[in-house]
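User: Could you zoom in on one part of this model for me and walk me through how it is covered and what it pairs with?

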Amino acid sequence: MIITRRAFTTMLSLTGLAALAGLSPLWFITEAMAQSAADVAKPVSLPDMALGPKDAAVTITEYASMTCPHCAAFNEQVFPKIRSEYIDTGKVRYIFREFPLDIKAAAGSMLSRCIANGDAAKYFAVTDMLFRQQNDWVVKNTTETLTRIGKQAGLTQQQVETCLKDQALLDKIAADQKYASEVLKVDSTPTFFINGEKIKGETSFEEFAKKINPLLKS
């Protein structure tokens, strides 16, 4: 599925996010196959937002959409356990990458990037806030709620509006999504890679532990 500019503009008029009308096409490809750790490790257009040491024995890469309820559930129920057990103890490096499935998700990802301004800890904090308030900004007035969240994080009204009109940022998100679709065969969210091994869908902490622990011992 390719979202064309015309279809995209139509959707924007319904969501109140007309500032994003220039989004490059987002690509969705439905073949799934394992990819090499080197393919996954390569950041394409945007710098990776990551927690944990670069030389950690295990790297987990998550592809998520900010409007995905399964991603929000994982963020609330599973990720805090992974962070406490593996990331904060220096055993795992955790990378979060945007894979927006719709226009509102793209807007949420853009806001996270703008607020964080390259600060990974701040990026994860804002992303957590967006997931936890998902029902508010996805179901209700998206623009107003994202503006409120942006202001809570220290942006002005003008800075939020500028962020959501940032065509260069939007193009980079789209390019990275295209790479994930075509090269890594990501076709749904959340999708995880543990040292290159793909895991699709909402996954329990216990399932992650079964994958991670043997890699820490090897």
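Analyst: Quick terms before we dig in: buried means under 20% relative accessible area, exposed over 50%, and partly exposed in between, using a 1.4 Å probe and protein chains only. Strands are DSSP runs of E with at least two residues, and helices are H or I runs of at least four, each numbered from the N terminus. The model is predicted, so to speak of local features takes pLDDT of at least 70, side-chain atom pairs count only at pLDDT 80 or more, and totals for chains, interfaces and linings use all residues. Residues are numbered from 1 along each chain as its sequence is written, and side-chain values use heavy atoms, with hydrogens and water left out.

Now for strand 3, which spans residues 92-98: 7 of its 7 residues are buried. In a regular strand, side chains alternate between the two faces of the sheet. Here both faces are covered, with V92, Y94, F96 and E98 buried on one side and R93, I95 and R97 buried on the other.

As for neighbours, two strands count as paired if DSSP finds at least two bridges between them. Strand 2 (residues 58-64) runs parallel to strand 3, and the two pair over 7 bridges. One of the residues involved is Y63, whose bridge partner in strand 3 is R97. Strand 1 (residues 49-51) pairs with strand 3 too, but in the antiparallel sense and over 3 bridges.
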